[in-house]
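Reader: I am new to this one. Could you show it to me and take my questions in turn?

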Amino acid sequence: IIDECYATGNVNGYNYAGGFAGENDGSISNSHANGHVKGTTSVGGFVGKQEGGKAIMCYATGAVYGEIYVGGFAGGLWKNSSVKMCYSTGDIVEGEILVAGFTSVVSGSKVENSFSLGNIYSTSDNFHEAGSFVGVADTASSISTSYSMGGISNEVAGIQKLCAMENVIGTVGYYWNSDNCTPVDTADYGISLTGEQMKSQENFDKFAFGEQWEYRE
C-alpha cells in the first residue's frame with residue numbers, strides 16, 4: 001500500500017516504465033508523478049503496467065514516449081485493475097501500437113471518474129489502436145463518467161486529430177472534446193461535446209456533481 005507519495009524525476013527505461021511505478025498490483029492512492037517517461041513497452045506517465053492493482057486519486061503530468069502499450073497515465077490495465085478519480089495532463093509524444101491519452105488497454109478492469117488532457121502524436125507508419133482516452137477495451141471492462149480533451153495525430157499516416165481509431169466496448173458517460181478531435185463512424189462510443197458545451201455542467205448528465213465531481217466556472 002502506497003499513500004500520499006510523489007515522484008518528480010524523469011524516467012528513461014525499457015519495459016514497464018512509469019513515472020511513479022513500473023508495475024502496480026497493490027494499492028496506490030493520493031499520489032502523483034511529474035517527470036517525463038521514456039520506454040518501449042508498457043510505458044505510462046504514472047504506472048507502466050497495472051495488473052490487479054488499484055489507483056485512487058492519483059495523477060501524472062509528464063510527457064510520455066514509447067512504442068507499444070503507451071498511456072498518459074498507465075501503459076495498460078489488466079486482470080481486475082481499477083482506477084478511480086485519476087488524471088493525466090501530459091502529451092504522448094511518440095507511440096506506435098496501442099497508444100492513448102490515459103491508458104492504452106483496459107482488460108478485465110475498470111476506470112471511473114477520470115480524465116486525460118494530452119494529445120497523442122506519432123510518426124510511425126505502423127500506427128493503430130489509438131484513442132484520445134483509451135486504445136482498446138474488452139467486454140469484461142468498463143469505462144464510466146470520464147472525459148478526454150486531446151486528439152490523435154500522425155502526419156506519416158495522414159491522421160489529423162482523430163478522437164479514436166476504433167470502437168471501444170463498455171463505456172458509460174464518457175465524453176470527448178470535438179473541438180480538439182474528430183469522431184469517426186467506427187469509434188462512436190464517446191459523447192461528443194464542443195469546447196463551449198464542456199463549459200456547462202448540464203451537458204455532463206452522467207456525472208455525479210457534488211459527489212465525485214465539482215463544477216467551477
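Predicted model: local features only at pLDDT ≥ 70, side-chain atom pairs only at ≥ 80, totals over all residues.

Reader: Is Ser 124 buried or exposed?
Author: Buried means under 20% relative accessible area, exposed over 50%, and partly exposed in between, with a 1.4 Å probe and protein chains only. Ser 124 has 13% relative accessibility, so the class is buried.

Reader: Which residues is Ser 124 in contact with?
Author: Contact means heavy atoms within 4.5 Å. Neighbours within four places in sequence are left aside. The contacts of Ser 124 are then Glu 94, Gly 95, Glu 96 and Asn 154.

Reader: Which strand is joined to strand S19 (residues 97-100) by three bridges and has residues 68-71?
Author: The two strands run parallel. Ile 68 stands opposite Ile 97 in S19, and Gly 71 stands opposite Ala 100 in S19. The strand is S14.

Reader: Which residue in S14 stands opposite Gly 44?
Author: Strand S9 (residues 41-44) runs parallel to S14, and three bridges join them. Opposite Gly 44 stands Gly 71.

Reader: Tyr 69 is in strand S14. What is its phi near?
Author: Tyr 69 is partly exposed, because its relative accessibility is 24%. Its phi is positive, in a residue other than glycine. The value is near 60 degrees.

Reader: What is the order of the five strands in the open sheet?
Author: In general, strands of a sheet pair through backbone hydrogen bonds, either parallel or antiparallel. Here the pairing is parallel. Strand S5 (21-24) and S25 are the edge strands, each pairing on one side only. The order is S5-S10-S15-S20-S25.

Reader: Which residue in S20 stands opposite Leu 77?
Author: Strand S15 (residues 77-78) and strand S20 (residues 103-107) run parallel, joined by two bridges. Opposite Leu 77 is Val 106.

Reader: How many residues does the largest nonpolar core have?
Author: A nonpolar core is a set of buried Ala, Val, Leu, Ile, Met, Phe, Trp, Tyr and Cys residues joined through side-chain atoms within 4.5 Å. Those with the most contacts inside the largest core are Phe 46, Phe 73, Val 83, Val 111, Ile 143 and Tyr 189. Strand S25 (134-137) and strand S29 (171-177) are the elements that give two or more residues to this core.

Reader: How many residues are in the second, separate core?
Author: Val 43, Ile 120, Ile 152 and Ile 159 are among its members. The count is 13.

Reader: How far apart are the C-alpha atoms of Thr 171 and Lys 199?
Author: Thr 171 is in strand S29. Leaving aside neighbours within four places in sequence, Thr 171 is in contact with Ile 143 and Tyr 189. Lys 199 is 28 residues apart from Thr 171 along the chain. Their C-alpha separation is 22 Å.

Reader: What volume does the largest pocket have?
Author: On a 1 Å grid over the protein atoms alone, a pocket is an open set of points where a 1.4 Å probe fits, with protein on both sides within 12 Å along at least five of seven lines; lining residues have an atom within 4 Å of a point. The lining here has 16 residues, with Tyr 147, Phe 209, Trp 213, Glu 214 and Tyr 215 nearest the centre. Volume is the space filled by probe spheres set on the points, which are joined across faces, edges and corners. It comes to about 340 Å³.

Reader: What volume does the second largest pocket have?
Author: Its lining includes Met 57, Cys 58, Gln 212 and Trp 213. The volume is about 210 Å³.

Conventions. Residues numbered from 1 in each chain as written. Heavy atoms only, no water. Helix = DSSP H or I, 4+ residues; strand = E, 2+ residues; numbered from the N terminus. Pairing = 2+ DSSP bridges.
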